[in-house]
Amino acid sequence: MNRPATPLQALQSRRSFLQAGFLTLGGLSLADLLRLRAASAAPHKSTPDTSVILIWLQGGPSHMETYDLKPNAPVEYRGEFNPIHTNVPGMDICEHLPLHAKVADRFTVIRSISHGFANHAGGAGRFLSGRDPLRPLDPISQFPTIGPIVSRMREHVNNGLPNYIGNQPRVYGGGSAYLGESALPFVVGADPNLDNFQVPNITMDDKLKERLDDRMTLLTSFDQMRRDIDQNGSLASIDKFNSKALNMLTSDKARNAFDMSQESDATREKYGRHKWGQRALLARRLVEAGCSFVTMQMQNPGVQGCAGNWDIHAVNGHLYDDLRGRLPIFDRAVSALVEDIYDRGLDEKVMVIVSGEFGRTPRINPQKGTRSKIMQPGRDHWPGAMSVLVSGGGMKMGQVIGSTTANGAYAKDNKLDPNDLLATVYRFLGIDHHHAFLDHSGRPMPILPKGSPIPELS
């Protein structure tokens, strides 16, 4: 026999219905709700005012032609380029990076990072997430990579800017996995070197502002009911995300940060009036304004005869002809960024990382070019050794960390894992890399399963 609901039961039923309705309207999954509850329940430690710029070289740059030349190796290994001295004794780099050489005391080269995944998606996923990919050929990572993790861990930081910005939604092999799409970057895809460069969705006209004010008034009218049904503060966490979006729309900070015209012609020329140079300059502007993590991918240099990315196998290009066109642009952009970070007093606040997903084979592999129809040099994928440039972050600069074997094949001294670099970055950003998220099956997954900050950088 069914009994009529008591007033208390009816009230509880109504509350359940209202709560379910709010979740449906907000588009929240159960995982999102659990995350929001955890975020609102966990007190945030003091977050340092620090930021990271990741210059990502998709395709995998050759360490043997950039930061780890082997002039004494047999000719089939050493290649065509010669090393030059830098302003740091003992740190020699490629002759096509002369501007790097002048600021070498402001960066450190790590030569001994390696991992085990030799395809682009798997290599990027391994390097940027710290976990072995489940599907190495999947262009979307099965685990959250560093940008989305920073986005989620620092979502409480409100500087009037998105705390994760990139020029693409994700790098090839990267992604947010169980952190959800909201952890992906605010995308700035346009070329900042163009005269008409602008970023959509950061301004509103007066009519839209009036409509927004009306909507905010409507939302405020639900405050009492929200407090009634949301005693644990889950919906209050949503307010923070809404307010961050509104702040970006209604303040001048984001608009000013993206306004490249505020830079002098001399500064813009210093970085290079090309896509790579202006992306590096824009990255500096964004972290200076308070963005936590910026990823700028240096692809498609815009030089005739150069491939789209750094993946020069010989079949798709002549390795040395390609690099003769690519490296001067790269040299100017990166050296200007490093110098600017220090000259503007940002070297304690900002860390710069320059890397791809792996290095290239130590032995040159000539093949017939698809376009040239002639035999030409190239190098294939190689995760056994790679070079990573790090600058700023209040760390010790002007050093080389680790070394590789005589032919550049494997890490030899001070062997490091990508996780050691990631742990260094997370510590700099004030993020506990032991913190665990729930994956899609509800398992707690620590940010890094292993790895320790690199002591030489401390």
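**Exercise 1.** Are Phe81 and Tyr320 buried or exposed?

*Solution.* The model is predicted: local features need pLDDT of at least 70, side-chain atom pairs count only at pLDDT 80 or more, and totals for chains, interfaces and linings use all residues. Residues are numbered from 1 along each chain as its sequence is written, and side-chain values use heavy atoms, with hydrogens and water left out. Buried means under 20% relative accessible area, exposed over 50%, and partly exposed in between (1.4 Å probe, protein chains only). Phe81 and Tyr320 are both buried.

**Exercise 2.** Determine how Trp276 and Trp310 are arranged.

*Solution.* Rings of Phe, Tyr and Trp (its six-membered ring) pair if their centres lie within 6.5 Å; planes under 30 degrees apart count as stacked, over 60 as edge-to-face and the rest as tilted. For Trp276 and Trp310 the centres are 5.9 Å apart and the planes 15° apart, a stacked pair. Trp276 lies in helix α12 and Trp310 in the loop between β7 (293-297) and α13, so the pair joins parts 34 residues apart in sequence. Helices (H or I, at least four residues) and strands (E, at least two) are DSSP runs, numbered from the N terminus. Ring pairs also bring Phe330 into a cluster with Trp276 and Trp310.

**Exercise 3.** Check the length of helix α12 (residues 275-289).

*Solution.* The expected span is 1.5 Å times one less than the number of residues. The 15 residues of α12 should therefore span 21 Å, and the end C-alpha atoms are 21 Å apart, which agrees. Of these 15 residues, 13 are buried. Just after α12, Gly290 has a positive phi of about 120°.
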